[in-house]
Each structure stands twice: as structure tokens, then as C-alpha cells.
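Please read the following briefing alongside the sequence and the model. It is arranged by topic.

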Amino acid sequence: MSGFLAPTSPEITQREIRNQARVRAIAGDCMVLLKNDGALPLKQKGRIALYGNGARATVKGGTGSGDVYVRETVSVEEGLRREGFVVTTGEWLDRQERAAAEERKAYEQSVIDAAVAAGQTEEYARMMMILNPMTPRALADITQDDVRNSLTDTAVYVLARNSGEGRDRSAEPGDYELSGAEVSNLRFLAAQYEKLIVLLNIGGVIDTKPLREIPGISAVVLTGQMGNITGLTVADLLTGRAIPSGKLTDTWAENYADYPSSGVFSHNDGDVSDEYYTEGIFVGYRYFDTFGVRPAYAFGFGLSYTSFSLDTEAVKTEGTDILLHLRVRNTGSEYAGREVAQVYVSAPSERIPKPWQELRGFAKTRLLQPGEEETLCIRLHAASLASFCPKCSAWVLEAGDYILRVGNSSRNTRVAAVVRLPETVITEKVQPLFRDPDPSLEEIVPPRSERTSPEEDAEIASVPKLTMDPSAFVLKEHSYASLPEVLKKKTDRLIPFDDVAGGKAELDDFIAQLSDEELAYLMVGNSVDNVGFNSVLGAAAKTLPGAAGETTGKLEQKYGLKQMELCDGPAGLRLTPEYIEKPDGTAVGLGGMSFGGDKAAEGIRHYQYLTAIPIAMTLASSWDLNLIASMGDLVGSEMEQFGATLWLAPGMNIHRNPLCGRNFEYYSEDPLLAGKCAAADTLGVQKHPGYGTTVKHFLANNQEDNRMFTNSHISERAIREIYARNFQITVEEAQPMSLMTSYNLVNGIHAANNEDSVTRLLRDEWGFRGMVMTDWLTTSDLSFMLAAGVAQKYGKSDAALCVKAQNDLIEPGEKPDFERILAGLREGVITRAHLERNARNILTLMLRCHLYAHQSYHFPIPGKCITFTCE
Ligand code: BGC
């Protein structure tokens, strides 16, 4: 039991104030400057004409389980006022607020009416609204009077978008595209004001054509969604206190149709059941660069107030590593700034088709004053340049020339060196995994082209040519574990779990004494006795109000086994903002997702206000792994305070297509960047002994529509090089305490039931030592959702098969899960050995968590450095 740890005073705490300041300090590092004609930063805090749907209704982060319930969200309007600007468009902002409220009311009424007509309650309808958020589109007209009354030459336009789990975005005006009203607003304002600054308060890529075409737009900044103090960070951007140095983590296309998955993605082709990953490994810039499609903004792009030179001082090999020494100099005279050096590599592709180039390393400078310089050293392990060869079931470095490019975006690079490998090297042998995809999956074939462009000839002639010794590589091979023998019970004495924790008994002896039923309880979360909404709202925990789930309480009385609390993320900790502790020791949640329960109950009121940190996409835009680790550390400190053992974050799925409704919760289209970010986040959280992350959602979960029954048809190569590669990096570098499987199927098998991913890939190949859990209600009867338009072509995942796959914990865990596990045992689908194996995974984690571990205990952190530094 965690007890009730939240403060009983409603006053803002020192922790909140401190953590908000920490978030504010990183704002500039995360913001991406897309255009600036010199308007930014503003020279003084004066009058601002503020417009746009995000001006007052600023989006701090997305909706659903990725939401964080905060004390207050500072809107852009409020942030500007607090920082001494005078916002002169109050009347327009009032009109806009009314228009948005009317739109919201109409939407809510339509959902309630539909639910009631289908025999459901209003409360159910409100739950469905959380799972199917509305993107606000209403926009009030801007008139000549608004402009006249604003008494300023400077307009700021906040263009906001919101999305969340359960629904994908659409390629329509008002969502991916700018609405007609937004376009005419911008045209009008650009003509009326001397300066028009457009701020993108968004969590996913949008169409930027109008922003590039309308004359008179002075500056465009991707401010992203910075959490509950977003408005203050915008004020800092305008004053120059925050200097933007972020870079895009995705390719922003000229046209939505340029994305190779645009034709088939989610609802685009009317089929939300089968998703064919026909682009294979050619995701994001890997596609645009290889197929010669010009993006609007390239992957890795971001401007600065100043200018930089980026020179390669030296490139050398050290065993099988390549070291690049890069000198970055602030060549401007007025502003300080930070630059990101990015290393892309083109590999030979005689036998295996390859992307034109791939990001292989990056590093960000400190803040450089005008004239100041810094030498960055980036170390690449040559083995990490290997490609997966499906025919040979191996990772292979093909013989030939590896072209190393260095630059500040994927489209602005110079050749830095050529590394020659005289012979082909197999770096790693693996088992073939993931049963063959549907034969109708036909992957696109890249054009045969040179690995370099003609413009690079002169560069290539002048750079160092190095040779790598093929015999220096050590072949990596794996053994794939078989199921251990059933344990033998050695004693009739009851072994309490504390004896194991205290070193007085062996874990295996503790497990051997458990009955099949007790083992089955351990395998399901604590909602086995819950009925109704409590168990389905992502707010199922009994001891930490608002936690999404917890491990079983069924073994507490007899064996003293405590419960771990599992809390959502990734933009902070999602907990019920307030709750009442009743005299009987139970609690009633107030606010957030606390549906049901007696809100008028008598008792002690507690306040759980947490810090909303920037969304993952915004954090990743910093390209600063230490910064991301510091946000993990912030969350870790809040987990310690409130007793949340596992954070259900970071989310790290690949941005396969801009329309995925959860892209804001994820980092990038690139697996290296995403994997490094999640590793950094994990190391930050796990700095707190006994508290850990849950990386999610494994595997190939890139669509939200029909998310529980969509089948990702995908090649083994695309899985290994793109969709699993990010998870691999995080597991190998940071050993997250836990991992969450996804809802979807992969080549016809539910990710939650997939032994290839959860056992062979994750544990046998990558060496994962933590616990695996399902996503919420993966195995449940969701007929109630079918009424809401879910297409169930494929069956639901199976609790017994979760156990078989080594998916240790079913969350939130319902009675039918428990019963199904026991039925699976009777039917021979699983054996007691499966239950014991999974119990060992769960209990080993428990021994290492704060509930048991000695305070100095750290979950094993491998020695590797998360940045690419050379030390
Ligand atoms: C989401 C997960 C989340 C879980 C618990 C699910 O709907 O997909 O990301 O952690 O709910 O709230």
C-alpha cells in the first residue's frame, strides 16, 4: 500500500514552482524556428495583437492517457500579460472563446444524444469523448475594427491543434491542413500588420503551404506544446529570453500525398482493419531522400537567430568505431545560439537496397556566444551501420564505401569522410522472426542510384579516406531460451515475500509455494474485482487515485506482497488532481478521469497537482539528450513524492504518418532519434532508485483508428530496422524497468500475444531484464465499444496467450483474464512453467523497486553513454 501521500493543503507547492521553472528554462532549446525575417526576437515588451485558435485556448499537450491534470494552464494570452506585454485584442479573443464554446457544446450534445439513443448513459458518453477528442476548429472573423483597436504593428497568431488516443487526425482543413478561415485570417493580418509572427502550438506535422506562400508573414515558430506553462514560454520566445535552437524530428512534406503511406494510412483508404506497410524501411526522410521528393522542411531542419560554421576537424577510426571531431562556431555578431551537428551515412547497396542516407549520430553544442566555438566529438560504432538481410537472417555490413555526411539537417550536409570496408561483414546472426506477412504486401523498390550526388564529387575528392579492418568485428550470436522446468517445492513452511527481500529465502522457493490461482492473480492487475467504468477508464488504481493501474493486492494478506502503482505519461504524471480520503481508508477521485464514486463523500481532501512537461515531440525537437534526461529526472522526483512505481511512458512509436493521433506522445520518424530520446528519459527517471519507466507501445502501433483490431502487415526488415530498432536502442542503453505491448496485431498475431517480439526479440536478442505488461483492456470484451464504430475483423488478444508470450502482467486485469489464464492451464495452452517464469519477471522487478529495494539500489544501468561523445 502506498498510503495517501498527496498534500492536504490546496496551496501551490514549492515542488510545482521549482519544476515549472525547470521546464521554462528549456523552452528555447525545444522550439524550432522555421522562418524569421528579423522580426524575432521583439526588441521590447509592447502591445501585441493576439489572434488564432490557440491564443486563449492554448494546448499544453494532447488528450487521453497522455494528458496531465494540472493546477493551471497558462495560455499564450495570459503568459504575455504576466510578462508585461499588453494584449490589445481582448474583444476578438472574447468572440473567439464564445465561438469555440458553442462548437464544444454542440459536439458534446451530439455525442450524448448518440449514446443515449444507443441505450448508454451520459457518463459513458463523456468517457467516449475522452477517447475520441474533438479537434476545435471554430474561428471568429477578424475585422478592420479589431486591427484598428489593437494599436500596434505587431500581430501574433497562435495556430493550435489537438489530438489524442483513440482517433487519428484527418488530412482536412482545420486539422492537417489550415482551414479556409485560418488562411484568410493570415492573409488579412499579413496585409494589416508590419510584423506577423505565427506560432505553431501543435503536436504533429501540418501543411505549411499557406505559411510559406502568404506574403508578409515575418516569422514562423514551431513552439510545440510545452506543458502547463506554455504561455510563459511563448512570452520568453518573444522577449528573446528563450532562443530557439530546436530541429524538426520529422520530414514536413510539400503535400500530404508525398508521404509514402498517405494513400493507405488508417481511414484514408476506408480500411481501418488492415494496414499494409508498403513503404517498408522507407519512412520519413529515408523515403524523401531516396526517391528524390523535395520536402517543405527537411528532417533535422531549424533556423537560429545567429549563423554557424560547421567544419570537420578530423575523422579517424578506432577499432570498429569511427570518431568525428566537428568544430562549430557562432559566426554571427549579435545573438547567442546552439547548433545541432548531424551525421548521416550512405552505405553501399549492391546486395541489399538501402535508403540514400540514414542518421547515425548527432550532438548539440552548448550556448555559443557570437564568435565562440566548440569542438564536438561524435563516436559511431561501425556495427550500428549494418542493415538487416532477411534472406540471411543476419545484420550485414556490405563491402564498399560508406559516405559520411555532416550537416545541420538531412538536406544541408557536406561529405566529411569516406570509410572503406574491403569485405562484407556479418555483424550479428539471428533467428527469422515474425511470421511471413500477408503475401499481398508488396514493398516499394527504391530506384538504383548512386550513393552520392554529382555536386558532392569535389567534396569527396578532398575528404579523408579511411579503411576499416573487417577482421576487427566480433560476430554477435544469440541463444533463444526454452521454458524452464516447473519448480520443486522444498518446504511446507509459508515463505513471506519479506524473507525474499531480506535475503532469508530464495525467490524460486517463494514462487514454488504459490498455487496456480495465486500465480494467475499475480499475472493480472488489481481490477479483478472491479466492475463498470472504474476498470476501464485508465484510472483503475485503488491506492493512488488516478494511477492507471496497479499490481495485484490478492497476495498481500497471506504473503505480505505489496502493490506497485502504475501511472500514465508521457508529458508528466497523470493522477487525479484532487481526491477525498474517506474514513474507511478508501478514496474518491475528483476530476480527471475519476468517473463514478460518491463525489460528496466526507473525508480529508488531498491535492495532487503535477507538472505537465513538454510533449515528447517537443522535447525531441531539442535534440538534446541531457535535457530529456533532466525532464525524466523531474518526473522521477514526482513519482517518488506520490508513490508511483512505474511511469507508463515514454511513448516511442515511430511517426510513420503525420496523421497518427498520438504522434505528439512520440518523438520522431527516425528510430535512432526516438530510441536515444527514450533512453535518455529512462535514465533520468531511473536515477531515482526503485522507480522506472514503461516504454510503449511495442510493436508497430502507428494508427489510432480501430487501434485494438488493426493488423499491421509489415516485413521483418522494416520491423527490425525501423519499428523495433528504437525500442532496441532504449533497452540496450537504458534497461527500462518495464515495457508495454500495443493493442494492434502484427502480421496477424496480437502484439500482446507475440512470442517473437516479447520473448525472442526483446529478451533473447536484446537482453531485456524487466517486466512486460499489456496495454489497458487488450484482452477484454470490448463489445461496448463496437457500438462506437470499431471494426472488429480480427479477434481480441487472449490472456492465456499473453502468458505464453511472456507478457507478464495483464492490465488493468479483469476477472475474465484471471479465469482465462486458469482455463488455458487446464486446456494445455500454457503450463505452470509459463506462470512461474512470468512470476519471476514480475517479482524480480518488485524486489528492485522502491517498495522493497534498499535505497541505494539502482536498477541495472549499463555502462554505455547515451550521447555519442567520444570519452
Ligand atoms: C493507452 C496507454 C495507457 C493506458 C493506461 C491506454 O488506453 O493506450 O498508453 O498507458 O491506456 O491509461
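The notes below cover the ligand site, a pocket, the cavities and some of the strand pairing.

This is a predicted model, in which local features need pLDDT of at least 70 and side-chain atom pairs count only at pLDDT 80 or more, whereas totals for chains, interfaces and linings use all residues. Residues are numbered from 1 along each chain as its sequence is written, and side-chain values use heavy atoms, with hydrogens and water left out.

**Ligand site**

- The ligand is surrounded by 15 residues (a residue is near a molecule if one of its heavy atoms lies within 4 Å of it), and the closest are Glu165, Asp568, Arg662, His697 and Asp775.
- This shell divides into 5 nonpolar, 3 polar and 7 charged residues, where Ala, Val, Leu, Ile, Met, Phe, Trp, Tyr, Cys and Pro count as nonpolar, Asp, Glu, Lys and Arg as charged, and the others, Gly among them, as polar.
- Oxygen atoms of the ligand lie 2.9 Å from a polar side-chain atom of Lys696, 3.2 Å from a side-chain N or O atom of Arg707, and 3.1 Å from a side-chain N or O atom of Tyr743.
- Taken alone, the ligand exposes 310 Å², of which the protein buries 95% (accessible areas come from the Shrake-Rupley method with a 1.4 Å probe).

**Second largest pocket**

- The second largest pocket holds about 860 Å³ of space; on a 1 Å grid over the protein atoms alone, a pocket is an open set of points with protein on both sides within 12 Å along at least five of seven lines, and a volume is the space filled by probe spheres set on points that are joined across faces, edges and corners.
- Its lining (residues with an atom within 4 Å of a point) comprises 29 residues, of which Thr63, Asp67, Arg104, Met134 and Asn162 lie nearest the centre.
- Two helices, α4 (90-117) and α5 (122-131), each supply at least two residues of this lining, and the largest share, 5 residues, comes from α4; helices are DSSP runs of H or I with at least four residues, numbered from the N terminus.
- By class, the lining of this pocket divides into 12 nonpolar, 10 polar and 7 charged residues.

**Cavities**

- A search of the whole structure finds 8 cavities of 30 Å³ or more, a cavity being a set of grid points where a 1.4 Å probe fits but cannot get out.
- The second largest cavity holds about 90 Å³ and is lined by 13 residues, with Asp250, Tyr259, His655, Pro658 and Glu669 nearest its centre.
- The lining of the second largest cavity divides into 4 nonpolar, 6 polar and 3 charged residues.

**Strand pairing**

- An open sheet of mixed pairing is formed by 6 strands in the order β21-β22-β26-β27-β29-β32; strands are DSSP runs of E with at least two residues, and two of them pair if DSSP finds at least two bridges between them.
- β21 (549-550) and β32 (771-773) stand at the edges with a single partner strand each, so one side of each is left without a neighbour in the sheet.
- β21 pairs with β22 (residues 565-568) in the antiparallel sense over 2 bridges, and Glu550 stands opposite Glu565 in β22.
- β23 (residues 578-581) runs antiparallel to β24 (residues 587-590), joined by 4 bridges, with Tyr579 opposite Gly589; the hairpin of these strands has 5 residues between them, and Gly585 takes a positive phi near 90° there.
- β23 also pairs in the antiparallel sense with β25 (residues 604-607) over 4 bridges, and Ile580 stands opposite Arg605 in β25.

How values were computed. A polar contact is a pair of N or O atoms within 3.5 Å; within protein, one must be able to donate a hydrogen and the other to accept it, and residues adjacent in sequence count only if both atoms are side-chain atoms.
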